[in-house]
Amino acid sequence: MINVRLFPLILIGTANNADAFVIKRPTSLLRSIVHDRLHFISSIIDGRRQFQHIIHMSIEDEDNYDDDEDEVDLSSLGDWRKFRMNLAETGAETSPSSSTESVSSQQKPKSVSKRNEALLTSQNSKLAREYLSGVWAHAVPVPEVGGLVCRMPLEVEIYRDEKSEIGKKLRDRVGLDESLDDEEESPDNSSNDMGAFYPVEEESNEKSAPSQPNLSFSALGAKTAFWYRGAEGVVRSEMDEITKLAGENNQIDASKLSRSTLEFLERYLESQRTWQEVCLVVENDEKGTTSTVAINRPMATSINEDISRLVLYGSAGFSNVKGSSDQLSSFLKAFRDECAIYVGGPDCQAEPALLIHGIRDLEGAEELSPGTEIFKGGLSAAINGILDGKYKPLEFRFFVGKNEYKQFALGRKVNLGKYQPIACARTLALKQCIGLPKPLYHEVLELCGGELKEISSLEIMKRNDLKED
C-alpha cells in the first residue's frame, strides 16, 4: 500500500519579484502512466528548416530543378523572422496548424507595461531603446531555436487536449462542441454548473480587486472566458473527489485511485511545478533533442565565492576546484555588485552555467540560430569587457541547469496543450527578469494578443499581489 499525503502546491510571489516563486511541500510523481493517446509528431523543426521546406515546395517545375541548388543559404534570405512577423501583424495566416486564433494588428499591443519598460531602461538602456522601437511576439506551431515556449495553465491544457478523458469531461460539462459554435447562445450566460471559480460578487467588487485587468468584451474574449471557467469547474470537481478519499491524517491510498484520477493528479502536479514558466529554446537537433532554459526563474542577483564556483564549474566541479583561480578572481571582481543568475531547469546542473547575451562581436560567442541575434558563450571576453568598462554586468544572463527533452518530447507537450511556442523579438528573451512589476509571462502573452492575451487576463484575476500598470 502506498500512502500519499495530499497537499496542494502553493505558489508564492514575492513582493519585489513577481516572477520568483517557492513551491511548498513538493509531491513526488505518484505513478508513471503510459498515455496511449499521445499525438506523436514525426519531428520538431525549427523555423529555418520550415521556411526552407516552403521554398523547396514552391518549385513548380520538377524537371528544371537543379540538385546543385538543394542547399539554400539562409543568410541570403534576410531577416525572415521579421518578414513572418509582418505577415502576422497584417492578419495573414503563417501556418494552418497554429493552435491559436489569427490575430490582427489592431489586437496586438505595442506596449503592455510602462513600469517594465522603465525598469529595462535602468538596467540596459541600449536594449530598452531596441525594445521600445518595436517589440513583438506571436504564436507559432512548433518550438524554434531562439524563440520561447510558455507553460499554459492547466485549464488551457485541458481545453486543448480535447481527445483526452479530462478534455472530454470539459466538453460534456459545458457542451463546448455545441455552445462555442452557436451564435444564438452567449458564452457569458453561464450557470454555476459551469464551475466558475470566482463568485460573481467578488468579480464585480472593484475595491476588492484593484489589480483586475481590463477584460475584453469581444466574441473571442467571451468564448475564451466560457471554456476557461468550465475548465476551472472541472479542476475543482476533480480535486473535490480526490479530497473525499483522504482518510486519517489527510492521507490517501494511491492504490485506490482510478487511472483517470491518477492521470489528472499527474497533470495537476506538473502544472504546479512548471507554473507560468517562460523558456528560451537554446538547442534543437534532427534527432528530436531540444533544450530550453527558464528565463523567469531568478536565482541570485549578487554573488559570493560559492555561487561563483557553481556558475563557473557547475555542481559536479564545485567541490573539485580548489583554491582561487585567475578566472574565479576575475569573475568575482566583474560581477560582484550585479550578476543575474537563473535556474534554467532541473537537468544538467552539474555543468557550468550557460551564458546568454546579445553582443555579436563578443569573442568566443556563437549565435543560437542564424538571424536570432541571441548569443551564448564568450565568458572570458565578457569578464574582460566588464572590467574594462565596455559592458555592464546586466547585459549578461547566467542559467544554471536546463530542461532537456529527448525523442521529440517537447513537441508532444505542445500537442497536448501544455506549452505554447512563441516567436518574439530578441529583446523579450534578453531582458532581465528581476523584480518585474508585470511578470514576464503576462508581458509575453499580452504582446501576442488574441486568445493568449485573454488567457493572461483570466490568470491575472487569480492574483491580488499585482498592481495595475
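1. E459 has a relative accessible area of 5%, so it counts as buried (buried is under 20% relative accessible area, exposed over 50%, partly exposed in between, with a 1.4 Å probe and protein chains only). This residue sits in helix α17, residues 450-460. Helices here are DSSP runs of H or I with at least four residues, strands are runs of E with at least two, and both are numbered from the N terminus. Leaving aside residues up to four places away in sequence, E459 touches P153, E155, Y228, Q276 and H442. Contact means heavy atoms within 4.5 Å.

2. A word on the basis. This is a predicted model, in which local features need pLDDT of at least 70, side-chain atom pairs count only at pLDDT 80 or more, and totals for chains, interfaces and linings use all residues. Residues are numbered from 1 along each chain as its sequence is written, and side-chain values use heavy atoms, with hydrogens and water left out.

3. The overall picture. The chain holds 17 helices and 14 strands. Of its 469 residues, 49% are buried. Among contacts with a separation of 6 or more, 75% join residues 24 or more positions apart.

4. Which residues have the most contacts inside the largest nonpolar core? They are L148, L280, I422 and L428, in a core of 77 residues. A nonpolar core is a set of buried Ala, Val, Leu, Ile, Met, Phe, Trp, Tyr and Cys residues joined through side-chain atoms within 4.5 Å. Helix α9 gives the most to this core, with 8 residues. The contacts of L148, not counting residues up to four places away in sequence, include V278, L280, I295, I422 and V444. A second, separate core has 25 residues, among them L312, Y313, F396 and F398.

5. Aromatic pairs. The whole structure has 9 of them. Rings of Phe, Tyr and Trp (its six-membered ring) pair if their centres lie within 6.5 Å; planes under 30 degrees apart count as stacked, over 60 as edge-to-face and the rest as tilted. Y159 and W227 are stacked, because their ring centres are 3.9 Å apart and their planes lie at 5 degrees. Y159 belongs to helix α5 (residues 154-160) and W227 to helix α9 (residues 219-244), so the pair ties together parts 68 residues apart in sequence. Y159 and W227 are both buried.

6. F335 and F398 make an edge-to-face pair, 5.2 Å centre to centre with 80 degrees between the planes. F335 is in helix α12 (residues 326-335) and F398 in strand β12 (residues 396-400), so this pair ties together parts 63 residues apart in sequence. F335 counts as buried at 0% relative accessibility, and F398 counts as buried at 2%. Ring pairs also link F335 and F398 with F331, Y391 and F396 into a cluster.

7. Charges over rings. The charged end of R151 sits over the ring of Y419, 5.6 Å from its centre. R397 lies over the face of Y342, at 4.3 Å from the ring centre. The test is NZ of Lys or CZ of Arg within 6 Å of the ring centre and within 35 degrees of the ring normal.

8. How do the helices pack? Two packed helices are described by the angle between their axes and the distance between the axes. Axes are lines fitted to C-alpha atoms, for helices over the stretch in contact, and angles run from 0 to 180 degrees between N-to-C directions. Helix α6 (residues 165-174) packs on α9 at about 115 degrees, with the axes 9 Å apart. Residues in that contact include I166 and L170 of α6, and F226, W227 and G230 of α9.

9. α9 also meets helix α10 (residues 259-273). The axes of α9 and α10 come within 11 Å and cross at roughly 115 degrees. V235, E238, M239 and I242 of α9 make the contact with T261, F264, L265 and Y268 of α10.

10. Two further buried sites. Q123 lies in helix α3 (residues 114-123) and is buried, with a relative accessible area of 12%. Beyond residues up to four places away in sequence, Q123 touches L394, Q432 and I434. G314 is in helix α11 (residues 305-318) and is buried, with a relative accessible area of 0%. The C-alpha atoms of G314 and E351 are separated by 4.4 Å, though the two residues are 37 apart along the chain.
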